[in-house]
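This report describes one protein chain for a reader who has not seen it before. Please look over the sequence and the structure first.

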Amino acid sequence: MNFKDLIINIVNDKNYKPMTIDEMLRYLDCDKYIKKDVKKIIKKLAKENEIKISSKNKIHPLSNDDKSLMGEISLAQGGYGFFISDNNEYMDVFISQNNLNSANDKDRVKIEIIKEKEYGKNAEGKVVEILQRNTSQIVGLYKKNKGFGFVISDKDNLSSDIYIDEKFSKKAKNNDKVVCEIIKYPKNGSPEGRIVEVLGNKNDFNVDVLSIIRSYGLKDNFSKKTKKEAIFIEKEVDISKQNDRKDLRDLFTVTIDGRDSKDFDDAISIEKDEEDFILYVHIADVSHYVKENSEIDKEAYQRGNSTYLYNIVLPMLPEELSNGICSLNPNENRLALSLKMRINKLGKVVDYKIYKSIIKSNYRLVYDDVNDYLDNKEKVYDDEILIEKLELFDNLYKILKNKREKRGAIDFNFTESQIDVNEKGDVLNISIFERGSANKMIEEFMLVSNETIASLFAYMDFPSLYRIHEKPKDEKVESFKNILNTLGYNIKGKELHPKDFQEILKEVSGKDDESLVNMLMLRTMRKAKYANYRDIHFGLATKYYTHFTAPIRRYPDLIVHRLVKDFVDNKFENISQSSLEKQLAKNSEHLSITERNSEECERDVEDLYKCKYMKKYIGEKFQGIISTITDFGIFIELENTVEGCFMYKFSDDHFEYIEQKLSCVNRDNNKRYKIGQKVLIEVKNVDLEKRNIDFDLLEEEFENFS
């Protein structure tokens, strides 16, 4: 152990009594040759806020309060920010623009509280120290001047524009979208930077989407080393080399995916044994082709997952793998990990086996067609065996769904967007994405597979990667209950369980308050994440859960596959569990971050396409439903899922926000507005840069309209 770790361990020991720096040097038995170096280490640890040194020169551990007041800044478009503490239990703190102290988005900072939290409001704070600057690259618009230029960040995540000396401009032109990095933070004035990539003029084809991709540090191309390695990936399965695999090619097997899907990483088979169902879930054996520490593996890990941006896909793996040898294409030999589950009539997995296998899918089915057969009873298929299997799949799906509902799994009722985009980036149509029985059936089969694999590692008490969803924080639950009470729903008990949340959703189903309660409940929840330790998945109401079913597009699944294969091959005794746990801790943190990046990127591109689509409807009227009310405006969602805002704060009428009921009233005519209410709007303005849509609320006309 090095001196840095040793000192931290000593100071954080529960029996530690504060020592001076000299006392610590004597305790460590430092000779005169290294005393100077160890003193530097102690002072550096204090500067990095790993320890505290008092005015009496004594070394102290950080208190919980000290730790809670250190974390990361998240800037909003309005120039203000929120402090997100290193302590997950600590509520976010509002930081006004005047109190940022030049802190930028994702900077690590230390704050102090200047105003305690009140009902419905976050505590307020100010930045007192910037611990570490965010060094990630920034995407923005380049404005050229004589001999220099400025980059205006796309995300409003900087307190000022970035100064670019001409020698660092990379020959960017005025109004080019660029990627730059900050090279200097002067005490006064703008940060200084250099341009590292010119994306093209802001009006060029797809530059707007490429700008969003770069702003999240995502890549739209693979490295030369990865491409070179992918060339040598085998194109066909050599059956003669697969003696250690179970041959399941005679098993009737299908894939069910979207019509435009090209990477099929899961296939299913089913049989009936008296009252039991025998469900096979076959998952592409990506780990056979992607070897640990290969160039493909390193880049896949950095990406963490695939990102889907409608007409653009940023795959985790090169096409030779994702759409080629790993994809479970019909009528082709493919390597898989097959999970065979015996499931009784109550939906319980009573037995299971895992095989390294060879499969051959009989059909590549499409969700829409299967939905037409299952939901609409249309005659879609002629193959009697296929029809028989689909009926068995459907019966088992309903049993598993019923079991999951009984244990309290939470199903939110939110509308998803279906955005049709052509190759040129033109938005052709926006509508509601309909999830039929086929979509839900595959989801249910993947859920039971993930639970089964998670239970395998949990019961063996062997390290693995888990997907956890922690209980909501007590403060958020209490706030949620208070709002529900004002809406007329009486929720008792100090603690809410998954089944309680499920019952609430059932109670409000079909009522005017349904969308409000769904939104408030979602805000109450924590975000699911990856972890190297076992914990509940609150939303699914299950003790153990992991991700196993999508290794083509999620790296966590690839990690779990490698561990599963070690189990199948009886290699656990050769693995150092302590080393594996440390590695999985790093993996889980990194992969949770890449997942969030990907989700936020997908959300931003979705907002961009919605803005592009609505630009042609400026001046037109639509009926919508109020989705959110804030102290500055009313957010309204149209029937096609597009959301815009009526900024009443800047209107001629006098609106009052009623915070406890998340509603507002126009005091000029006493009209009240609440979430879930139908209104008529006119599209006023669309800002593609900020990805905002402004509505006018047509109060008088709605009465005539309705």
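## Domains and local features

The C-alpha centres of domain 1 and domain 2 are 29 Å apart, with domain bounds taken from an automatic or database domain assignment. The model is predicted: local features need pLDDT of at least 70 and side-chain atom pairs pLDDT 80 or more, while totals for chains, interfaces and linings use all residues. Residues are numbered from 1 along each chain as its sequence is written, and side-chain values use heavy atoms, without hydrogens and water.

The assignment divides the protein as follows.

| Domain | Residues |
|---|---|
| domain 1 | 1-61 |
| domain 2 | 63-130 |
| domain 3 | 135-203 |
| domain 4 | 223-422 + 432-461 + 545-598 |
| domain 5 | 615-695 |

Of the area that domain 1 buries against domain 2, Asn49, Lys52 and Pro61 supply 87%, more than any other three residues. The count of salt bridges between the two domains is 0; a salt bridge is a side-chain nitrogen of Lys or Arg within 4 Å of a carboxyl oxygen of Asp or Glu.

Helix 8 (residues 295-303) packs against helix 17 (residues 577-614) at an angle of about 60 degrees, and their axes are 8 Å apart. Axes are lines fitted to C-alpha atoms, for helices over the stretch in contact, and angles run from 0 to 180 degrees between N-to-C directions. Helices (H or I, at least four residues) and strands (E, at least two) are DSSP runs, numbered from the N terminus. On the side of helix 8, Tyr301, Gln302 and Arg303 meet Lys586, Asn587, His590, Leu591 and Thr594 of helix 17.

UniProt, in an unreviewed entry, lists residues 619-698 as "domain: S1 motif". Over residues 619-698 the chain is 56% strand and 0% helix, with the end C-alpha atoms 12 Å apart.

Asn670 is not a glycine, yet its phi is positive, at about 60 degrees. Asn670 sits in the loop between strand 31 (663-666) and strand 32 (671-673).

Notes: Contact = heavy atoms within 4.5 Å. UniProt positions renumbered as here; feature names shortened; annotations may be inferred. Buried area = accessible area lost by both parts, 1.4 Å probe.
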